[in-house]
Amino acid sequence: MKKSAWIFAVCICILVLSAGNVAAKTPDGKPPSVETVCDDEVGAAFGLCNAYCEAMDCTDPNQHASNQGCQSVRENFEKKTGRPLPCTVACPCGSLLQLFADITSGAVQVKTCVSDDAVVYVTTESGDYAFVSTGVVNMCSVNNEPPLVVLSPTELLVCRVALRKAAEAQGVVCKFPE
């Protein structure tokens, strides 16, 4: 193969790989594999949730699909499951717990984040903390004081994701407990 043919082939490969990387990004800039709001879904419900919430980013102002496409996926998910899409469910913790709201809005500096299958626990520079926990009761709390907000399974997942993303947005990596 001539040198010019090799250069042409390398340029084509670079172009294809670059286009693939651009196409893989969704409007919110995060690939679906990194986000977890649909993790509790299975089968077709997972596919529809992932399409609506992650790939098409239908809840984002810069959605990557038509309004009709988003509506169709939403209706199919609701028809299959009988409930709303997780990304359309708001975490009630922020409206009931001021520190939780301050953390998720970025108004308070996060110091540490611990996360596993049972809990997401975020501490602030002042030593206060907010957490979302599963167990006998799914709940969120601040400083383990009342009110303890009881959560549905979908709210639990949405609140866990919100708290974890708030920490990560400030450059704090959520670590597995030691």
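Tutor: A crossing is left-handed if the near helix is turned anticlockwise from the far one by less than a right angle, and right-handed if clockwise. This is a predicted model, where local features need pLDDT of at least 70, side-chain atom pairs count only at pLDDT 80 or more, and totals for chains, interfaces and linings use all residues. Residues are numbered from 1 along each chain as its sequence is written, and side-chain values use heavy atoms, leaving out hydrogens and water.

Student: Okay, is the crossing of α2 past α3 left-handed or right-handed?

Tutor: Helices (H or I, at least four residues) and strands (E, at least two) are DSSP runs numbered from the N terminus. α2 and α3 pack at about 150°, their axes (lines fitted to C-alpha atoms, for helices over the stretch in contact, with angles of 0 to 180 degrees between N-to-C directions) being 9 Å apart. That pair is therefore roughly antiparallel (over 145 degrees; under 35 is roughly parallel, 65 to 115 roughly perpendicular, the rest oblique). As for the crossing, α2 passes α3 in one that is left-handed.

Student: And how do α5 and α6 sit, oblique or perpendicular?

Tutor: Helix α5 covers residues 98-105 and α6 covers 153-169. They pack at about 55°, with axes 7 Å apart. That makes α5, relative to α6, oblique.

Student: Which residues of α6 make the contact with α5?

Tutor: Contact here means heavy atoms within 4.5 Å. On the α5 side, Phe100, Ile103 and Thr104 take part. Their partners on α6 are Cys159, Ala162, Leu163 and Ala166.

Student: Where is asparagine 144, with its positive phi?

Tutor: Asparagine 144 has a phi of about 55° although it is not a glycine, and asparagine 143 also has a positive phi of about 55°. Asparagine 144 is found in the loop between β4 and β5.

Student: Which strand holds proline 147?

Tutor: The peptide bond from proline 146 to proline 147 is cis, with omega near 0°. Proline 147 belongs to residues 145-150, strand β5.
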